[in-house]
Amino acid sequence: MRTPNLRYMVEAALRAGIPYVDVDVSEVRTYMTTNAASDLLSPDPAAPTAVDERGRSAQTFTVDVLIRSAGAERRITATGQDIYAISAPLEVEAVERILTGRTKATGVVSAGAVFDAPDFLGTLSAHLTVHAPADARG
């Protein structure tokens, strides 16, 4: 079932003549540490303390994506320090690529479809480490 916001965006895109491709995803799993969940549920959450000259907290993150389709697997993992500190560089890189025409697609598409993913992630190497096992690259 789609959320109303996504449905609105898809319908608006279709009305504007922008193609939309629906992807059938049977399962999405997300995990969060109990410490992170407790921080979010705290009635008086405190901001993390900066621990380096770039203002990053000591918190670390891992984003692990595993896709299985037709008997094949593809995996990529990104790790780093302070996931919120990477938000601005990621957004600035995306906007700069859009404004300079360095896109592979237009319309309602995923970031992976609009940008050259390895190149995009490479520009963020000062902020995160990306690992894609050779046997899972496809």
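Close-up 1. Setting aside neighbours within four places in sequence, Asp-116 is in contact (heavy atoms within 4.5 Å) with Arg-97 and Lys-104. The model is predicted, with local features requiring pLDDT of at least 70 and side-chain atom pairs counted only at pLDDT 80 or more, whereas totals for chains, interfaces and linings use all residues. Residues are numbered from 1 along each chain as its sequence is written, and side-chain values use heavy atoms, with hydrogens and water left out. Asp-116 is placed in the loop between helix H4 (111-114) and H5, where helices (H or I, at least four residues) and strands (E, at least two) are DSSP runs numbered from the N terminus. The C-alpha atoms of Asp-116 and Lys-104 are 7.2 Å apart, although twelve residues separate them along the chain. A polar atom of the Asp-116 side chain lies 2.9 Å from the backbone nitrogen of Asp-119. With a relative accessible area of 38%, Asp-116 is partly exposed, a class lying between buried (under 20% relative accessible area) and exposed (over 50%), as computed with a 1.4 Å probe on protein chains only.

Close-up 2. Helix H3 (residues 83-99) has 17 residues and spans 25 Å from its first C-alpha to its last, close to the 24 Å expected at 1.5 Å a residue, the expected span being 1.5 Å times one less than the number of residues. Its buried residues are Ile-86, Glu-93, Ala-94 and Arg-97. Viewed down the axis of H3, these buried residues fall within an arc of 100 degrees, so they line one face of the helix; the arc is that of the directions from the helix axis to the C-beta atoms. Helix H5 (117-123) and strand E3 (128-131) are included in what covers the buried residues of H3. On the face turned away from the buried side, H3 carries the exposed residues Tyr-84, Val-92, Ile-98 and Leu-99.

Close-up 3. Most residues other than glycine have a negative phi. Just after H3, Gly-101 takes a positive phi of about 75 degrees.

Methods:
A polar contact is a pair of N or O atoms within 3.5 Å; within protein, one must be able to donate a hydrogen and the other to accept it, and residues adjacent in sequence count only if both atoms are side-chain atoms.
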